Amino acid sequence: MIGMTLIVKTITDFVVGFIIVFGVYIVLYGHLTPGGGFAGGVIIACAFILAMLAHGKDVAFSKLPEKAAHIIDSGGALAFLLIGWFGVTVGAFFMNAFGRGEVFRLLSSGMILPLNIAIAFKVSSSLFLVFSALAIFRRRSFRAMIEDELA
Amino acid sequence: MNPLPLYVAIPLGAAFLIPLLGLWWKKSGETLAPLFTLILGIMAVLQVGRPAAVYHMGGWPPPWGIALVSDGLSTLLLIAINLVGFLCVLFSIKYMQRYTGLTKYYSLFMLMVAGMNGVVVSGDLFNLYVFLEVASIASYALVAFGVGAEELEAGFKYLILGSVASVMLLFGIGTVYAVTGSLNMADVAREIATQFGGQMNPGLLLAGAFFLMGFGLKAALVPFHAWLPDAHPSAPAPISAMLSGVVIKSLGIYAICRVFFNVYGIAAGGAGSVIFANAMIAFALLSIVIGGILAIGQWDYKRLLAYSSIGQIGYVMLGIGVGARVLATGGQISIAGLAILGGLFHMFNHVAFKSLLFLSSGAIQHATGTRDMKQLGGLREKMPITAFTTNMAALSIAGVPPFSGFWSKLVILVATVKAGYTAIAIVAIVFAFVTLAYYIKVQREILYGTVSKLVEKAREVPALMYVPLILLAIACVGFGLLYPVIGVHILEPARDALMNGAEYIQLVLG
């Protein structure tokens with residue numbers, strides 16, 4: 001059987017959704033409460049890492065394929081840069097180009113919310129990729145990888 | 001529009017665009033990296049002669065927001081980083097073909113360029129630290145890019161020592177923040193000048209020691225040089241050229257100059273300034289002596305070049321240290337200016353000839369498969385262009401008269417003697433001859449002599465590899481002969497930026 005026992009798998013299936021929702025909450029409320037893009041992104045990545053630990057890498061990759069993770073990884077960083085560049089239209093790099101809104105509402109503080117979302121995409125997918133790289137290295141010996149590379 | 005944020009934004013964007021496009025387009029790195037570095041290089045050259053400028057990130061004025069500053073010193077480094085970056089990428093296109101994961105290579109390369117440009121334009125201590133980490137972490141990965149046992153060991157050693165330096169820098173920045181309550185370099189400088197009257201309290205002295213150690217490790221000054229002789233030979237040749245050509249200068253020498261001249265106001269004098277100036281001269285002398293002695297015995301070509309880098313960085317630091325000491329002890333301003341000018345000129349020349357030597361070592365390794373000097377010989381007959389350009393660089397670094405290295409060493413030595421440090425000047429002159437000795441060894445063992453078995457089968461490298469060599473060789477000669485142009489437009493503004501600390505405060509805080 002791939003992965004851990006049935007108990008672990010069942011509990012994992014049960015909590016993964018909640019972890020992701022909590023991560024999204026931390027990201028979206030980053031400008032109002034403690035947290036933000038990085039912290040929320042780590043929590044979202046933890047959900048995928050938990051799925052990988054419980055079910056094995058095939059199931060985790062079926063939820064978030066490696067190529068998609070790479071696209072989100074680079075895309076998140078580029079989105080951050082583009083949002084920063086958008087500030088140039090009103091005066092300076094990273095200047096707040098969007099309205100500030102009403103204090104303590106979700107849609108307030110202008111650029112910080114989109115920047116948090118961009119960072120969350122970047123952090124969650126790259127942490128997932130880092131973990132999967134380590135997991136793959138653990139399963140296969142270094143020599144085997146080199147031999148594959150040469151073949 | 002002020003182009004300063006572009007120096008960071010363009011390479012950073014390229015660093016993420018290359019792996020993204022690389023998922024479908026295998027040649028994304030080879031195509032985009034030279035394009036973007038060329039744009040950056042042209043931008044940097046066009047910056048020459050423009051007045052110093054400040055950019056407020058996010059529209060926040062300096063003591064609160066992050067300021068990007070370009071003055072003469074930044075421009076000097078920007079030109080070096082981006083032009084050498086372009087030539088190294090150009091060289092990489094053919095050289096790196098036998099490696100896998102090339103989009104990652106070009107991505108890391110652009111990250112390194114972004115980090116170095118960020119260090120050079122940053123006007124904020126913590127921001128400088130962040131960019132220094134970006135550049136360092138990219139270079140740790142690039143040193144280990146070959147993933148052989150030797151490369152991984154060198155990369156790991158560099159990682160550990162580099163992290164120690166980073167921790168020291170963070171401690172130093174924290175201490176400065178605790179003492180002055182600001183992280184903006186100009187604001188800190190003003191606090192030191194007004195609150196302490198140019199004198200340094202124990203907190204600032206401690207922070208200065210941390211800075212000297214942290215940046216000194218990045219610059220590979222001798223007590224902190226242990227990572228360099230492993231990291232430079234193990235890295236792929238274009239990365240060695242970047243590391244030795246610009247990384248140790250922008251993360252090390254530039255940062256030391258900026259912190260001690262513009263932030264600490266070493267020119268204002270005081271007991272603390274003399275201590276730091278003495279430390280700079282001591283490290284410089286140690287680097288010259290130990291780098292020179294260790295280089296003679298090397299038979300690995302790249303390792304010899306690595307030790308030679310330590311020695312040459314010593315000369316750069318000697319010029320700057322003597323300048324600092326003359327200023328701190330209230331000597332003649334003109335002598336201090338001459339010493340600093342010599343240091344900066346030698347740094348600028350070293351960018352050209354050391355990147356050329358490391359690229360040529362890559363070309364030699366590419367053609368013959370070895371960098372062991374005992375197995376090489378007679379390269380002049382089989383690879384004439386590589387041999388000729390290597391020869392130019394070796395003559396230049398050894399300080400043979402018409403070439404650039406001679407003039408910069410001469411200026412440093414004249415300034416050292418004029419400042420009254422004759423003994424130090426004699427040591428420096430003796431080790432200039434040692435430099436000549438080990439480059440004669442390079443000529444004798446690699447370029448001339450009988451054609452060895454491995455060289456027999458060697459052919460000249462493709463044009464994409466030798467064009468950067470030729471361009472850098474032209475620079476080696478040109479910097480010496482065209483001094484009236486380069487000196488007035490590039491080096492003297494850089495010297496003035498260092499000498500007039502008060503002007504920097506004025507520029508940033510207005």
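**Close-up views of a predicted two-chain model**

**Figure 1. Overall make-up of chain B in the predicted model.** Chain B contains 21 helices and two strands; the model is a prediction. Its C-alpha trace extends over about 70 × 60 × 40 Å along the principal axes. When contacts in chain B between residues at least 6 apart in sequence are considered, 81% of them link residues at least 24 apart.

**Figure 2. Overall make-up of chain A.** Chain A has six helices and zero strands, so that its elements, read from the N terminus, follow the order α-α-α-α-α-α. A box of roughly 55 × 40 × 20 Å along the principal axes holds the C-alpha atoms of chain A. The radius of gyration of chain A is 19 Å, whereas a compact globule of 151 residues would have one near 15 Å. Buried residues account for 32% of the 151 residues of chain A. Among the contacts in chain A with a separation of 6 or more, 65% are between residues 24 or more positions apart.

**Figure 3. Where chain A meets chain B.** On the chain A side, 16 residues are in contact with 14 residues of chain B. Helix α4 (residues 66–86) of chain A supplies nine residues, the largest share of the side of chain A that touches chain B. By class, that side of chain A is made up of nine nonpolar, five polar and two charged residues.

**Figure 4. Packing of helices α12 and α13 in chain B.** Helix α12 (residues 301–328) of chain B packs with helix α13 (residues 333–368) of chain B at an angle of about 170°, and the two axes are 7 Å apart. Because angles over 145 degrees count as roughly antiparallel, α12(B) is roughly antiparallel to α13(B). The contact of α12(B) with α13(B) comprises 15 nonpolar, nine polar and two charged residues.

Figure 5. With 31 other C-beta atoms within 10 Å, L318(B) is buried, since the cut-off for a buried residue is 20 or more. Apart from neighbours within four places in sequence, the residues in contact with L318(B) are I281(B), A284(B), L285(B), I288(B), I412(B), T416(B) and A428(B). A328(B) is ten residues from L318(B) along the chain, and their C-alpha atoms are 15 Å apart.

**Figure 6. Packing of helices α15 and α17 in chain B.** The axes of helix α15 (residues 384–398) of chain B and helix α17 (residues 422–447) of chain B cross at roughly 165° and come within 9 Å. At this angle α15(B) is roughly antiparallel to α17(B). Their crossing, that of α15(B) and α17(B), is left-handed. On the α15(B) side the contact is formed by A387(B), T390(B), N391(B), A394(B), I397(B) and A398(B). On the α17(B) side the residues are T435(B), L436(B), Y439(B), V442(B), Q443(B) and L447(B). The contact of α15(B) with α17(B) has eight nonpolar and four polar residues, and no charged residues.

Note on methods
Residues numbered from 1 in each chain as written. Chains lettered and ligands numbered in written order. Predicted model: local features only at pLDDT ≥ 70, side-chain atom pairs only at ≥ 80, totals over all residues. Contact = placed C-beta atoms within 7 Å. Helix = DSSP H or I, 4+ residues; strand = E, 2+ residues; numbered from the N terminus. Nonpolar A, V, L, I, M, F, W, Y, C, P; charged D, E, K, R; others polar. Rg over C-alpha atoms; globule rule 2.2 N^0.38 Å. Buried ≥ 20, exposed ≤ 12 C-beta atoms within 10 Å, placed from the backbone. Axes fitted to C-alpha atoms, helices over the stretch in contact; angles between N-to-C directions. Parallel < 35°, antiparallel > 145°, perpendicular 65-115°, else oblique. Left-handed = near helix turned anticlockwise from the far one by under 90°.
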